[in-house]
Amino acid sequence: MAEINADEILRRLSARLKMRHLILLLNIQQHGSLTRVAEQMASSQPAITNALSELEGMFGGALFDRSTRGMAPTSLGKLVLARAQAMLHDLDHLVRDMATAAAGYSAHLHVGVIPFIPGRLLSAAIGHTLPEGQGGMTVTLHEGTSDQLLPRLQDHSLDIVIGRASSAVDLQQLEFEVLYRQQPRLIASRRLAAQLGRVRLDWSRLVALDWILGAPNTPMREQVTDIFLAAGVAPPVPIVESYSSKLIGEMIVASERAVSIVPADIAEELVRTAGLSIVPYSFDWTLPPIAMFTRAGGARHTVALFCAALRGLCQEA
């Protein structure tokens with residue numbers, strides 16, 4: 001990339017860049033055609049072409065490559081698009097924070113959470129974030145896998161993600177802190193758990209039961225597969241694939257043959273809420289630890305308070 005005059009570009013952007021320019025860029029990325037963008041933005045194609053030319057002049061280079069197949073972002077365009085998306089998400093958060101403040105609350109957080117994080121932990125962290133008398137806060141929880149949630153943290157859709165730290169995670173522009181590790185537990189109905197608990201661990205017998213597991217190619221599913229393979233037994237074919245701990249609990253309680261392997265804290269929560277039992281077998285896995293992820297460069301005050309509450313609760317456990 002050619003050497004740039006950063007001060008000059010910043011001066012141009014500060015004086016001329018508007019939110020409509022960011023929306024234009026994202027529309028071009030989405031539609032790949034200035035004609036379709038003009039229709040979408042209720043404008044003319046010459047006006048859209050002139051606006052893009054103006055933008056490229058501000059940034060000092062081409063933002064899109066044109067071809068018969070449409071328009072694709074250049075390397076510079078990809079950088080600008082990522083920041084444009086983040087800036088628009090920040091604007092959305094600002095408006096939501098204003099609405100939150102008008103309703104008498106201190107802040108609003110967007111928290112990404114992977115499956116199998118105990119609801120009691122999340123509830124306590126939310127409750128401990130702002131001391132009594134400071135107006136409280138509102139929270140939107142977004143559920144998904146780490147692969148789904150971390151890009152949304154990077155583009156500012158989310159304020160924090162509680163996920164798994166592993167070598168597969170893209171940590172670009174992110175910071176993370178390990179909170180705790182989860183141990184595996186085999187769960188079953190009370191009657192089946194009592195029957196299994198009276199005999200030695202027999203994987204060939206267990207594999208014949210009705211298994212409820214997570215989706216393929218996810219850390220939890222891979223860990224269960226590894227447990228069976230290490231025991232010399234082909235892993236079971238699940239009758240149901242789900243990451244809903246509530247559904248897992250209800251199906252296991254309603255069946256005399258259903259079992260699952262879940263993290264210990266989730267198993268204990270299901271014992272309390274669903275009335276199932278933990279089979280007293282001992283085995284291990286190498287499931288990546290639970291961590292909290294934030295954007296690099298410092299978190300805003302409410303995010304820092306939430307992180308401190310979450311950290312304190314995990315240290316007490």
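Predicted model: local features only at pLDDT ≥ 70, side-chain atom pairs only at ≥ 80, totals over all residues.
Residues are numbered from 1 along each chain as its sequence is written. Local features need pLDDT of at least 70, side-chain atom pairs count only at pLDDT 80 or more, totals for chains, interfaces and linings use all residues, and side-chain values use heavy atoms, with hydrogens and water left out.

Select Q154, D155, H156, Q173 and R295, which are the closest to the centre of the largest pocket among the 23 residues that line it. A pocket here is an open set of points on a 1 Å grid where a 1.4 Å probe fits, with protein on both sides within 12 Å along at least five of seven lines, and lining residues have an atom within 4 Å of a point. Next colour α5 (75-102), α7 (146-154) and β12 (290-295), the elements that give two or more residues to this lining; α5 provides the largest share, eight residues. Because domain 1 (6-83) and domain 2 (104-181 + 289-316) both give residues to the lining, the pocket lies between them.

**The cores.** Now select L186, I187, L196, W203, L206, W211 and I261, which have the most contacts inside the largest nonpolar core, a set of 33 residues. Such a core joins buried Ala, Val, Leu, Ile, Met, Phe, Trp, Tyr and Cys residues through side-chain atoms within 4.5 Å, where buried means under 20% relative accessible area with a 1.4 Å probe, protein chains only. Centre the view on W211, which touches, among others, L186, F228, P236 and I261, not counting residues up to four places away in sequence; contact means heavy atoms within 4.5 Å. Finally, select M137, L150, I290 and F306, which belong to a second, separate core of 32 residues.

Definitions and conventions: Helix = DSSP H or I, 4+ residues; strand = E, 2+ residues; numbered from the N terminus. Domains from an automatic or database assignment. Buried < 20%, exposed > 50% of the residue type's maximum accessible area, 1.4 Å probe, protein only.
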